[in-house]
Amino acid sequence: MKAIAAASALCLSIAIPVSATGAARTFVSFAGLDTNPCSRTSPCRSFTAALAQTARGGTIVALDSAGYGTITIGQSVSIVAPEGVYAGISATSGEAITIAATTNADIIHLRGLSIEGSGSGSDGIFLNQGSLKELHVDHCVITGFVGTALFYWTTGNTISNLFVSDSTFSDANYGLFAYSENVASAPHVSVDHCRFNANTNTGFDMQGAAIGTITNSVVSGNLTGIFADLGAVAIADHCQVTYNGLGVSAFEGSTIYLSNSTVSGNETGILADNSTLKSMIRDGTYPLKTNVVAGNESNGAFTGTFTAQ
Amino acid sequence: MKEISVLIAIGVSVALPLNAQQNLPRIYKSGDTARKGSLVPGIAAGTAARTFVSFSGLDTNACSRTSPCRSFGAALAQTASGGTAVALDSAGYGTMAIGQSVSIVAPAGVYAGIAATSGIAIDITGTSVSDIIHLRGLSIEGSGSGSDGIYLFADSLKELHVEHCTITGFTDRGINFELVTNTASLFVADTTISNSNIGIYGYGNPGINPHVSVDHCRLTGNASQGLWMDQATGTITNSVVSGNGTGLFAQFQAGILTGDQCQIENNTTGVAVSNSSTIYLSNSTITDNGTGLSSSFANLLSLIGDGTYPVKTNIVVNNGTNGSFTGTFNAQ
């Protein structure tokens, strides 16, 4: 490692991460030491130390339940806590997981992590004006951040794919916030079987050029549940949208398609402002609608319909 | 795609008119795509009904609970046909060739990695028409250079069950399931297959028609196809098919039935069907694809609740081109 660092220092203009030649698989354990090589027999104590020893595209595995520290990721990698292992990443200030200096070829998988802000950490997973090919978030819990549970602002010339499944985003200011100024760098977001609960501002929030599809998910107790703003597009199917200030809301030239969903117990169920908010009907001749919009203080109204195929 | 052109080139001298091509059966000839052979199964099935592997094990051990082995390959050689190999703790346990009925299990809480930096991670070879294989809880990793995650080519098999596995980073297939002499069934549940060339590939020689069942899976970020049925029948339900070249693809008399609530999102082409195949699609969300629906000399059918009062169920919006179904089928 030392030799590589020296070599990259000589190159000056090109920063070669030492991790590029690391191990394909590294391990962390509560009993580990960061001075270890992060091998199975000599695991490290923190994800950060393990990442520095992990090859691009490699995997970091948590061996047993513990907190493993905040981390900045700048390469393709999988970070995995198998079921039965609690792998906590706590940030009492700042970000828990920062994605920085990645490229549009990098792919990151996060699986089984508990990402905690304890009411004072700023953001859970934080990609701020960067590039990434794909981020996969599966079986994670992200909670208690004063900023955003998953902040995803992409820039550059290639789109970025965000895949989220079986995860919970709660008690933050924003749950999942995806934004790009340009179509060329737009985040395309797939969410399935997730929970966006009790976020102070928005739950599932698509902004600008972002396009998101959310299915089989609960969006409950947020100021705004499902939100598309500044021209964004959201498609929601089989979702429970309840007890929000605004249940489903499109602003500023945005579009939301809603189907087979339950929108109830919100102050306002449906709201479109200079935007399109369409309800599915199952057929044009005998229109059968599919959304339950009931029991809101004000149910609101769709701007139109779209027809199932 | 490479294969199609190769096979057509083998089968006939020049391209047939499209309406003739559509019924041209595909028959594998030796050497078409077989990559097996780098891994060799144990010389003979062992005698233990249950064997164990552990990071602290030794392959010279008996693979018993008190004396576990270090690798799945060694455990398999000690496991009776139809037995079970269990991972006791988190580690990498090596690539393997499976030539018998067996269950390979990592329980929740144990990370059992199988990494192939070249070639195949799990090669099913030398099996017979009565063999049943279960793979559960495994992390199967190609790191962008291994060729295939789980690979069956031309060998016989009765059933392959894949549950709670993660298969990622292979240059060709996540799961390759090609049957030539006998039919077989593939069951995949609660599994993620990502960042490979093809997620799941099912093929049968004419008349073989293997069956593929996929439920609660995520097929994401595969460069070519998420699920490709080629003269095979597949059913995929409650799954996410996202970020692939083509999400669902059926060709050459294949049939895919997609049931409730598949999210088919952000693929170059969401659902494509060609060459006399049929895809039945219902209650699914086809959004944000370059092209949502695509068909060529084939049936792409949408569920309607009833023939008299048609009630359709698929959401096809916000694709570059939505495309269209070729027809409908009635719920019963």
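Biologist: Is C165(B) buried or exposed?
Modeller: C165(B) counts as buried, at 2% relative accessibility. Buried means under 20% relative accessible area, exposed over 50%, and partly exposed in between, with a 1.4 Å probe and protein chains only.

Biologist: What kind of model is this?
Modeller: This is a predicted model, in which local features need pLDDT of at least 70 and side-chain atom pairs count only at pLDDT 80 or more, while totals for chains, interfaces and linings use all residues. Residues are numbered from 1 along each chain as its sequence is written, chains are lettered from A and ligands numbered from 1 in the order in which they are written, and side-chain values use heavy atoms, with hydrogens and water left out.

Biologist: How many disulfides are there over all chains?
Modeller: The structure holds two disulfides. A disulfide is a covalent bond between the sulfur atoms of two cysteines; here the cut-off is a pair of cysteine sulfur atoms within 2.5 Å.

Biologist: Which cysteine does C63(B) join?
Modeller: C63(B) is linked to C69(B), with 1.9 Å from S to S. C165(B), by contrast, is in no disulfide, and the nearest cysteine sulfur, that of C217(B), is 9.7 Å away.

Biologist: What about C38(A)?
Modeller: C38(A) forms a disulfide with C44(A), and their sulfur atoms are 1.9 Å apart. The link is left-handed, with -80 degrees about the S-S bond, and both cysteines are buried.

Biologist: Changing topic, how many salt bridges does the whole structure have?
Modeller: There are six salt bridges over all chains. A salt bridge is a side-chain nitrogen of Lys or Arg within 4 Å of a carboxyl oxygen of Asp or Glu.

Biologist: Which residue pairs with R56(A)?
Modeller: R56(A) forms a salt bridge with D106(A), the closest N and O atoms being 3.6 Å apart. R56(A) is partly exposed, at 39% relative accessible area, whereas D106(A) is buried, at 6%.

Biologist: Which residues does R173(B) meet in salt bridges?
Modeller: R173(B) meets D172(B) at 2.7 Å, N to O, and E178(B) at 3.4 Å. Shared partners join D172(B), R173(B) and E178(B) into one network. E178(B) is buried, with a relative accessible area of 0%.
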